[in-house]
Amino acid sequence: MGPDTILAARPATFDAAASMLARASADGQTVRLRGGGTKLDWGATGPESRIEVCTARLARVVEHNTGDLTAVLEAGVRLADAQERFAAAGQMLALDPPLTGAGSSEPDATIGGIVASGDSGPLAHRYGAPRDLVLGMTVALSDGTIAQSGGKVIKNVAGYDLAKLFAGSFGTLGLILSVNVRLHPLPVATATAFGADGDPGALATAARALAAAPLELDALDIAWRSGRGGVLARCCGAEAVKRAHRAAGVIQAAGLDEVDVTDEDDALWERQRGRQRSRDNALVRVSARPSALGELLRASERCGATVVGRAARGVSYVEVDPDAVAGFLAELPAGASRVLHDAPAEVRAAIDPWGVQDGPALELMRRIKARFDPAGACNPGLFVGGI
Amino acid sequence: MSASALLSRLAAVCGEEYVLTHPHALATYASDGLAQYHQTPLAVARPGSVDEVHGVVRACFEAGVPWVARGAGTGLSGGALPVAEGVLIALSRLRRILSVDLDDGAIVVEPGVTNLAISRAVSPTHFFPPDPSSQIVCSIGGNVAENSGGAHCFKYGFTTNYVTGLEVVLSDGTVVELSDDAPGYDLLGAFVGSEGTLGVATRISLRVVPVPESVRTLVAFFEDTSAAGDAVTAIVSAGIVPGAIEMMDRLSIRAAEAATHAGYRLDAGAALIVELDGPEEECTARFDHVMEMCSQAGARDVRVAQSEAERALIWKTRRAAFAAMGRIAPAYYVQDGVIPRTRLSEVLARIDELSAEYGLQVANVFHAGDGNLHPLVCYDSARAGEPERAEELAGLIVKACVEAGGSITGEHGVGVDKKRYMPAMFSEPDLEAFQRLRCAFDPHGLANPGKVMPTPRLCGEVPGPYREHPLERAGVAERF
């Protein structure tokens, strides 16, 4: 809750949530929408809202259709709780972002918050971002409308894909009430091949070779810290260990050191995930061509930054000292985009977290905001271009 | 701008020979793959470059004339049906592959490039997974508009999962670059599958993936579709995600076998094609398990492709299923519905009931992994009233899909053909929310009007976004 919050609401039904939004916007009030509160600092600092609507009591797993590998989750369901339930049926939602906030140890991240922020983890290599796993969505708009889009089946092209529009929209179009998701089988076994090197170019070469190999990796990550880095390739399936040994062969052939395979790899990946957050420094998410990886690692090294990322997707999470952020941003590879996630207040005040320039795309986004939230009630000022 | 002024402007943009107005020339474009709908446009413009597309759209905007973009015209929902007083923009001349960068797993193409040409351009190491059965001729621009799937989407996903960037011309002529990972709203995700109603894509960036190392294919024959459905359930429940898993029923087997002579068993009530692809060791380990599960579900006969030629033959029969229906009936109506896979037996039983009630044969071909049914409703146009009854029956099948928790379309799109079924799936507030998106992109309703939405709607003016008043900020005044 912000210092000026006068009302913190925790609606228990869709209707209650929608009517709160409607009432607030009719009164000319703005509303801060939130889930588990693990990413509240992300985005730009907008005007303080006096009303907060939290999804904590919208926390039912409405459906888990084991035979169809689908589920319907209310927005406030903690992903950790949902995964536990899916795992009992040998299934998972293939979405593994960090579940805690920077500096916290509680896995409070909710499915609504994860989808609204578009956050993901190492499994994004194979399964993509939340937008790729969400089949349908129910949302509340600021005029009180409750609208559904998509469906509950894994294949469906009826109507506009509003779920994709709301995924990553940071609650600026309305409140996500529930999401319909596609599930995947939980792997029967996993194994990870890894190798290390002090040369960013060598790591990039190894990552490229792994991306091109027909190994069907579930995750392909890089890590970099203090002049040395590693590449990690995770295989999942009945023959995970055999395949990981082949991946190790690819890494070896690329000339990396300390090449090995482990089938007790959960901690390795937990560490990769954990380094997508920073308590004391700035955390910048960079999206660039995969082939710019070497260049990005070199720029990070010059700025004393540490990096984890999805080598083949071109997504990197760079932790950099607050004083070095501006210098690092100036060294990004051509064509890269970046978003500031965690950062101390002074960095946040000095640098636009989004870095989106005016142009036709931003203009179109403003028109979308104006159509879905004409009152400007939902999370004002938080998003790109002051949306 | 008068119609003749618009035509001169189009000719100035594209060149005289690329603006068609003669009735015979226009007739070619009156229908897409769904021939029961036809409409002659005012003109057909065939721009030869991205700049010319911009010019055509701009000219239409200034004339206040609607337009419809068309790729190869293979769509099955009337999505590329022209508008009477509008311009049809045919993109077939825009077929350049602009760049291929396999290090980044990326290819950039113009919208008229065929789906198959993309996989060819990145072969032999990579491929583009969405593979609609029209892939030899259908264009990527059309795939983007329809969010096309195909036989491999249970494992690999749809077009939307592979588009990384688009250059789009909006209906006012503005050119917008959309990217899958740029900060901001996922405009790209909203655009893919919007059936040409939000604008026209003029440059398309795609992700391609490594060709699987190993492919193992079998066809299993069952007593009936219910037993084959049990095999699918067993396979999926075992955590196996086949590259493709396709089912044909008795009638479609009979028609397709007559066309291909591939050796499908004519006494079988269902054929199930299962294809595993991926790393060698994984395929081998899983394939034996799949064969076992087919047998346990009661397969009478399981045939494994021993060579690429045998694999091709198994697929040839599946791919021939639609066209081969001509051997059974003079005409047929292809339906496209989706159900939760676990409701298969129940929905097929309902289709059988409807078929008996209407006295019309229905053959079933489906993408069994994702519950996408393609019932083929057979009829004879020479018999009075039969086409109408076939259409009615096809409509009831779609409704049965929705009632089972599914969708009115899995891959063919809504277009004009299915817009009347949209209210079965979406409430008025849902449709109203769709319209908000539409109006943000195309406030004048010029891009492919009359498609997707069940009733014509106009875009109202948007009230200005709420802005804090300076007095409010200073705490001097409050809003009530």
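This is a predicted model: local features need pLDDT of at least 70, side-chain atom pairs count only at pLDDT 80 or more; totals for chains, interfaces and linings use all residues.
Residues are numbered from 1 along each chain as its sequence is written, chains are lettered from A and ligands numbered from 1 in the order in which they are written, and side-chain values use heavy atoms, with hydrogens and water left out.

A disulfide is a covalent bond between the sulfur atoms of two cysteines. Here the term requires a pair of cysteine sulfur atoms within 2.5 Å. Over all chains, a search of the whole structure finds one disulfide. The bond joins Cys439(B) to Cys459(B), with an S to S distance of 2.0 Å. The torsion about this S-S bond is about -85 degrees, so the disulfide is left-handed.

Cys439(B) lies in helix H15 (residues 428-441) of chain B, and Cys459(B) lies in the loop between H15 and helix H16 (470-473), so the pair ties together parts that are 20 residues apart in sequence. Helices (H or I, at least four residues) are DSSP runs, as are strands (E, at least two), numbered from the N terminus. Cys439(B) counts as buried, at 4% relative accessibility.

## The interface of chains A and B

The contact (heavy atoms within 4.5 Å) takes 81 residues from chain A and 90 residues from chain B. Between them the two chains bury about 6,700 Å², 58% of it on carbon and sulfur atoms. Buried area is the accessible area (1.4 Å probe) that two parts lose on being put together, summed over both. In chain A, the residues that lose the most area to chain B are Lys155(A), Tyr160(A) and Arg371(A), together 15% of what that side buries.

Nine salt bridges are counted between chain A and chain B, each a side-chain nitrogen of Lys or Arg within 4 Å of a carboxyl oxygen of Asp or Glu. In one salt bridge, the side chains of Arg131(A) and Asp186(B) meet at 2.9 Å, N to O.

Note on methods. Buried means under 20% relative accessible area, exposed over 50%, partly exposed in between (1.4 Å probe, protein chains only).
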